[in-house]
Amino acid sequence: MLYRSFAEVQSALEAGTATCRQLVDYYLSRIDEQRSLNVFTEVYADEARQQAEVVDQKRAAGKAGRLAGMVIGLKDVLSYAGHGLQAGSRILDGFTAQFTATAVQRLLNEDAIIIGRQNCDEFAMGSSNENSAFGPVRNAANPERVPGGSSGGSAVAVQAGMCLASIGSDTGGSVRQPAAFCGVVGLKPTYGRISRYGLVAYASSFDCIGPITHTADDAALLLEIMAGPDDFDSTVSSKPVESYTQATLPDRPLRIAYLRDGVESEGVAPDIRQATQQRLDKLRKAGHSVEPVDFSLLSYLLPTYYILTTAEASSNLSRFDGVRYGYRSTGPAATDLESMYKKSRTEGFGTEVRRRILLGTFALSASYYEAYYTKAQQVRRLIRQETEQVFARYDFLVSPTTPSTAFRLGEKTADPLQMYLADIFTVQANVAGYPAISVPNGTDTDGLPIGLQVMAPPFQEGMLLALAKTL
């Protein structure tokens with residue numbers, strides 16, 4: 001009963017060979033059987049069963065929503081009223097969400113069934129899901145390998161059949177990179193396409209909510225339901241939401257660019273270069289124009305991304321002080337307010353989060369603000385301009401999602417710079433605010449999944465998903 005698409009689930013429900021309650025029981029058994037992968041931080045077993053029975057009754061009455069039968073997991077950065085919310089961090093021990101994120105509420109309104117919250121890198125900071133206070137997540141393809149991050153738990157949940165789809169967040173590739181490592185589909189929409197209300201903030205001008213699924217059709221459906229204006233988020237776009245599930249490609253040959261460094265650079269694993277080239281050859285044979293492009297600012301993507309995101313993180317995470325909620329140090333050194341702040345934040349935040357807060361605070365300090373933060377904002381504008389120039393000539397930009405397949409647990413934890421390089425191809429979409437998707441593109445010689453990334457112009461998710469369906 002391992003369903004690979006919502007269409008399969010709907011067919012089974014229509015044929016009477018499955019009920020929503022049976023689906024939930026099946027996924028709960030899968031979660032229980034694979035606890036060693038450390039995917040879920042909390043499972044809503046009884047609640048999901050009750051919700052499934054309600055949806056079954058709605059279906060019998062002909063009043064069910066569009067997502068009836070869709071069992072979904074939530075990354076532990078999305079607010080769901082009355083449920084725990086920790087962002088993978090000790091600093092939020094015991095915290096219960098006071099409201100429901102807009103994106104989550106829209107799924108519930110269409111009768112999606114939420115089965116639990118999923119492990120992630122602390123405050124969505126990481127590329128391997130090894131930075132969680134709950135311990136690392138393991139890749140179902142090889143438990144000695146990382147699942148990618150920060151939405152690693154969300155990707156493995158779909159990969160291992162613990163739910164049909166997951167909702168993650170993407171700040172620099174955190175939906176697409178784990179999707180590539182786990183052989184599933186991960187979509188990052190245009191910045192502002194989905195409301196961020198109820199998403200725990202890492203870097204507010206980069207963060208995006210996005211679905212992780214088995215198919216592009218399911219990603220299209222979830223985006224269609226979650227997207228759109230929201231009175232609670234002033235940064236969300238007011239553009240109308242198109243029917244992504246019905247979107248089609250233009251009736252002409254496509255103009256496809258590919259990143260030369262992604263196919264020819266020795267910094268990319270040979271199996272990934274070969275798989276990407278084979279996919280490009282197939283697109284050529286299908287009659288599309290496929291040409292290489294050089295991105296002159298490629299080497300500036302990661303420095304720009306990390307200066308700006310750490311600066312925003314320094315500001316966003318200042319609210320976690322041990323006073324109003326979450327973890328508070330009771331150690332003997334906490335003798336006054338300032339020492340209590342220091343002890344609580346030092347003990348509550350993990351190593352990677354503390355590193356990024358310190359980097360961001362440094363970049364924002366009076367002596368270095370102009371040299372680092374202001375300069376990075378200027379380079380961000382140049383990156384956006386060069387990206388616009390590429391899309392003035394092409395419909396899509398293709399590259400590998402990652403330079404390597406899933407690496408071993410612990411392999412890169414001692415060298416943060418090597419870990420950050422895992423995001424080299426994904427951060428451009430966040431820096432520029434463009435939509436991008438990762439789709440499975442075979443496996444390497446070790447049987448580890450390879451991902452192919454496709455980027456499109458802003459608010460062209462329909463065309464992007466239409467192409468992804470053909471891939």
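Predicted model: local features only at pLDDT ≥ 70, side-chain atom pairs only at ≥ 80, totals over all residues.
Two residues are in contact here when heavy atoms lie within 4.5 Å.

Leu 297 sits in the loop that joins strand E8 (289–293) to helix H10 (298–316). Apart from neighbours within four places in sequence, Leu 297 touches Leu 382, Ile 383 and Glu 386.

Two packed helices are described by the angle between their axes and the distance between the axes. For helix H4 (residues 102–109) and helix H7 (residues 216–226), the axes come within 8 Å and cross at roughly 110°. H4 and H7 are therefore roughly perpendicular to each other. On the H4 side the contact involves Ala 103, Arg 106 and Leu 107, and on the H7 side Leu 222, Ile 225 and Met 226. Sorted by class, this contact has 5 nonpolar residues, 1 charged residue and no polar ones.

Finally, the cysteines. A search of the whole structure finds 0 disulfides. A disulfide would need two cysteine sulfur atoms within 2.5 Å. For Cys 20, the closest cysteine sulfur is that of Cys 163, at 15 Å, which is too far for a bond. Cys 182 also has its closest cysteine sulfur in Cys 163, at 12 Å, again too far for a bond. Cys 20 is buried, with a relative accessible area of 1%, and Cys 182 is buried at 3%.

Key:
Residues numbered from 1 in each chain as written. Heavy atoms only, no water. Axes fitted to C-alpha atoms, helices over the stretch in contact; angles between N-to-C directions. Helix = DSSP H or I, 4+ residues; strand = E, 2+ residues; numbered from the N terminus. Parallel < 35°, antiparallel > 145°, perpendicular 65-115°, else oblique. Nonpolar A, V, L, I, M, F, W, Y, C, P; charged D, E, K, R; others polar. Buried < 20%, exposed > 50% of the residue type's maximum accessible area, 1.4 Å probe, protein only.
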